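Please look over the sequence and the structure shown below before reading on. The briefing that follows is arranged by topic, so that each group of points can be checked against the picture in turn.

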Amino acid sequence: MASNIRDRKSALSSALGAWGLLAAAVAGGCSHAQKPERRVYLIAEDAGGVGGAGGRDCDAEHVACFDRCWNTAPPLTSIKWGSGKHHEYCTEECRARYMDCIEDVARASRKSDVSELRFSNLDGALNWLRTHRTELVIGTVVIIGGVAFVVATGGTGALILAPLAL
């Protein structure tokens, strides 16, 4: 009879151990399917090359165009260097280049019209994002293990993956 009681206790202990392990796995999740932390992740030190338009900064290009134009003699001899006409010429010339840049960036964002990406783990997501920068557009939503992030630029111009607050 004592051996029968010992056998029942052993069986009960094994069953409780199995249920305890199952409960721990369900409550804590499996180690390979952990959700990423809701923090900012660095994709690249700079956002150059993003969006298929080479990460063009049309505003910076416009300023550089005007500076270059203003600091060189106009191609037309009828325009005196540094005159009001020279200013008008540079303004018109650089505005046209600015509008071309804006159109290129818009065309590239339509071409790479990826609004949402899904990954099962953080490492896979970061590796893909780092190697496919030209396919990204700022504002793309990235779902990693059920957690939403957004592709953005940081204050220093870095390309980051930031948690999306809903």
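**Briefing on a predicted model**

Among the elements of the protein, helix α2 (residues 58–70) has the highest mean pLDDT, at 92, while helix α1 (residues 2–28) has the lowest, at 47. The model is a predicted one, and the mean pLDDT of the protein is 76, with 69% of its residues reaching 70 or more. Over residues 11–31 the pLDDT stays under 50, and for this stretch the model has two contacts beyond four places in sequence.

**Overall make-up**

- The secondary structure of the protein comes to four helices and five strands, and from the N terminus on these elements follow the order α-β-α-α-β-α-β-β-β.
- Of the 166 residues of the protein, 27% count as buried, and the accessible surface comes to about 11,100 Å², of which carbon and sulfur atoms account for 57%.

**How the strands pair**

- Strand β2 (residues 116–119) pairs with strand β3 (residues 141–144) in the parallel sense, over four bridges, and within this pairing E116 has V141 of β3 as its bridge partner.
- Strand β4 pairs in turn with β5, in the antiparallel sense and over five bridges, where A152 has I160 of β5 as its bridge partner.
- Strand β1 (residues 41–44) is joined to β5 by three bridges, and these two strands run antiparallel.
- I160 of β5 is also the bridge partner of L42, while A152 is likewise paired with I160.

- Why is strand β5 (residues 159–163) described as largely enclosed by the rest of the structure? The reason is that four of the five residues of β5 are buried.
- V151 lies in strand β4, and because its relative accessibility is 1%, under the 20% limit, V151 counts as buried.
- Leaving aside neighbours within four places in sequence, V151 is in contact with L159, I160 and L161, and also with L136, V137, I138, G139, T140 and V142.
- One of these contacts is G139, which is twelve residues away from V151 in sequence, with 5.2 Å between the two C-alpha atoms.

- F66 has its place in helix α2, and because its relative accessible area is 19%, which falls under the 20% limit, F66 counts as buried.
- Not counting residues up to four places away in sequence, F66 touches H87, C90, T91 and C94.
- Although F66 and T91 are 25 residues apart along the chain, their C-alpha atoms are separated by 6.9 Å.

- How many salt bridges are counted in the model? The count comes to one salt bridge, in which the side chains of R97 and E93 meet at 3.5 Å, taken from N to O.
- R97 and E93 are separated by about one helical turn, because they are four residues apart in helix α3 (residues 84–111).
- Are the two partners buried or partly exposed? R97 counts as partly exposed because its relative accessibility is 46%, and E93 counts as partly exposed because its relative accessibility is 31%.

Note on methods: Residues are numbered from 1 along each chain as its sequence is written. This is a predicted model: local features need pLDDT of at least 70, side-chain atom pairs count only at pLDDT 80 or more; totals for chains, interfaces and linings use all residues. Side-chain values use heavy atoms; hydrogens and water are left out. Two strands pair if DSSP finds at least two bridges between them. Buried means under 20% relative accessible area, exposed over 50%, partly exposed in between (1.4 Å probe, protein chains only). Accessible areas come from the Shrake-Rupley method with a 1.4 Å probe; for residues, only the protein chains shown count as cover. pLDDT is the predictor's confidence in each residue, from 0 to 100. Contact means heavy atoms within 4.5 Å. A salt bridge is a side-chain nitrogen of Lys or Arg within 4 Å of a carboxyl oxygen of Asp or Glu.
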